[in-house]
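Subject: Structure handover

Hi there,

Here is the structure I promised to pass on. Could you open it in your viewer and keep it beside you while you read my notes below?

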Amino acid sequence: MSEPATNIGAKVAQFPRAAALAEKEPPFIRVEGVTKRFGSFTAVSSVNLEIRKGEIFSLLGGSGCGKTTLLRMLAGFEDPTEGRIFIDGQDMTDLPPYERPVNMMFQSYALFPHMTVEKNVAYGLKHMDMTASQRADRVREMLALVQLSDFSHRKPHQISGGQRQRVALARALAKQPKLLLLDEPLAALDKKLREATQFELMDIQDKTGTTFIVVTHDQEEAMTLSSRLAVMDKGRIMQTGTATEVYEYPNSKLVAGFIGSINFFEATIRDVRDDVATVDAPELGATVEARAIPGLSPGQPITLAIRPEKLTISRSKPEGPNAISGKVRDLAYFGKDSLYRIELPSGRVLSINSVNSRRVGENERVADWEDAVWLSFDPSSAILLKD
Amino acid sequence: MSLSSRSARLRKWFNRRGWIKITIATPYIWLALFFLLPFIIVMAMSFATRTPTAPPFSFGGDHPVMNTDHYARLFSDDLYIRAYLNSIGNATLATLMCLMIGYPMALGLTRVSRSWRNVLLMLVILPFWTSFLLRVYAWMGLMGTNSWFNKLLTGAYNWIVPSDMALRYIPMMNTGFAVVLVTVYSYLPFMILPLYANLEKLDISLNEAAMDLGSKPFQVFRDVTLPLSVPGIIAGSLLVFIPASGELIIPSLVGSSSRPMIGRVISDEFASARDWPMASAVAVALLLLLVVPLMIYTYYDGKAHEKAQKEAT
């Protein structure tokens, strides 16, 4: 089950990203202006989504952001207050769950405790037009897919959490749904198992070609698993895109802050030339350059955002436009990298992540507590955010 | 001496003195004193001989060790057999009806909002706040030939059937029907509460999963809810069936005197006939009749569990 870390990279390379392949096809799943209200509370607010066939699409957000409600509407457990849901061109909005070509893997797995693993996987098949031997074959195939063939006669309480997760997956895939919904599929697993299972999940998706929609609150999980993801907050979709797009080009403070860690500074635009904007950032104690975004004008207030790993720390003043001085306030050594907290002259504290690419001793580090240091960053690494 | 070390010493003393064992043993001691011991006395009494003394039985005489005449009489006198059959029949019918009425009610309780649930649970328990005897008397009033309840039913009956079959009233009092009706009414909460406790624990996502996999609501109930509520059904049924089969007050007050019931037989033998050994024999036989099937069930159920555990390891 748990595989050596070295295999993981190879596995990623094995399968082509579905999104790239399906770019030109019409959307397989279309969510049109879907709103869900519970009394006066709006759980999901006019959501539009287009998901292509064979994608692993993640809905990412904190608790109460509406991601699970959206998933339950796709499964048919909740009726949208407004809007329509189409799957493969068919309007699904008014169909009950048992008539949708959609299956769901529940967060609690929801395995039937009184049935064996085999019976659990076979449960959905009895509603299908199949002979008994076809059914048995399908169950065997599914159990082989999730490597549980030896456990077919066990009851759910007689297998481990990771095995239960795979039974749930096999049961949800057995009917060969057009769309598989996964509600926090890895949340109940421990960290090691979660990493291995992530890749297993991608592998299975690649083998079956099923479209996956994954709900998760874990941004790392969303970024590794999915071809594309949508960041949700307060029932709205804030940004949709690939992991890289959302991480490197967030469109709002909220998305930037939710995915990864980041330093924000209040700033004012001084000047815009081509794709470089010059920005006054009093908190940084400097005027810096950043990659411009459309629609900037001098004097405009703006948020400057820099991810901790995009900053470089040095003892002497670096070349280039974006140099800031500060003092090491805190440092945490994690082995592969270190986290510095630098106090700027303005009093602001800023986080820097620095990879420890060289092997050095305790006294040879780049900077130590209370040291005066210089920070620099490439203009293209600085993100400008209007809100 | 500091407080913590003193409490630690106190705890140590408690542990050394085996207080934990005593705590665990308390329910067993209770059962031994108030169930096992009286049962042994009743059992012994059932083998004694009736004498015109006080207490009205003695050992020895013609039967120095054991007098099994009373058990022989259980089989020879058809009064006892009829009484057992009536009682078991009534209790079975009442249990089934309690299940039919109680199951939807218990399931309903798990599906309503939390605030409603408390109100409804309260209503289920509320009848216990009045005297059981009073409630049976209330039913006697309702079933009587001149009550509004009887008139209402008679009216409804006459409205349905042709006029030559019309009745002046429906004879309900002193019938087997009355016994079952009042038993169902009285014991319904004992069915609802364990069923509710069982159904309430079932994960609603199991139902959703079954529906997601293509089952319509009735199939979801048949495949998921029903099999998982078997422990609740068994618990509720036992809680109704066992006391209902030995019930004395209901058959005495609303039942027919021509249909002997076991509770009344025991009471009559004991109080009117002053035949304590016979009354004891009837009681012991009833207990065996109820408990032995239960023990067999528990034994096989336990074995099935063991087997499942072994397969797992």
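Predicted model: local features only at pLDDT ≥ 70, side-chain atom pairs only at ≥ 80, totals over all residues.

Into which domains is chain A divided?

Chain A splits into domain 1, made of 5–101 + 177–257, and domain 2, covering 261–385. Their centres, taken over C-alpha atoms, are separated by 33 Å. Where the two domains of chain A touch, domain 1 supplies five residues and domain 2 supplies six residues. On the domain 1 side of that contact you will find two nonpolar residues, two polar ones and one charged.

Next, the meeting of the two chains. Here 18 residues of chain A are in contact with 16 residues of chain B. On the chain B side, the elements giving two or more residues are α9 (204–212), α10 (217–228) and α14 (276–312). Which of the elements gives the most to this side? That is α9(B), with six residues. By type, the chain B side divides into nine nonpolar, three polar and four charged residues.

Now for chain B as a whole. DSSP gives chain B 14 helices and two strands. The C-alpha trace of chain B spans about 90 × 70 × 50 Å along its principal axes. The radius of gyration of chain B is 26 Å, whereas a compact globule of 313 residues would come out near 20 Å. Of the 313 residues in chain B, 27% are buried. Looking at contacts in chain B between residues at least 6 apart in sequence, 70% join residues at least 24 apart.

There is also an annotation to note. UniProt, in an unreviewed entry, places "domain: ABC transmembrane type-1" at residues 84–297 of chain B. In the model, that span of chain B is 78% helix and 0% strand, and its end C-alpha atoms lie 21 Å apart.

Finally, one helix for a closer look: α13 of chain B, residues 262–272. Which residues in this helix are buried? They are Ile262(B), Gly263(B), Arg264(B), Val265(B), Ile266(B) and Glu269(B), so the list includes the charged residues Arg264(B) and Glu269(B). After α13(B) comes Arg274(B), which has a positive phi, near 50 degrees.

Happy browsing, and do write back with any questions.

Best wishes

Definitions and conventions:
Residues numbered from 1 in each chain as written. Chains lettered and ligands numbered in written order. UniProt positions renumbered as here; feature names shortened; annotations may be inferred. Helix = DSSP H or I, 4+ residues; strand = E, 2+ residues; numbered from the N terminus. Domains from an automatic or database assignment. Contact = placed C-beta atoms within 7 Å. Buried ≥ 20, exposed ≤ 12 C-beta atoms within 10 Å, placed from the backbone. Rg over C-alpha atoms; globule rule 2.2 N^0.38 Å.
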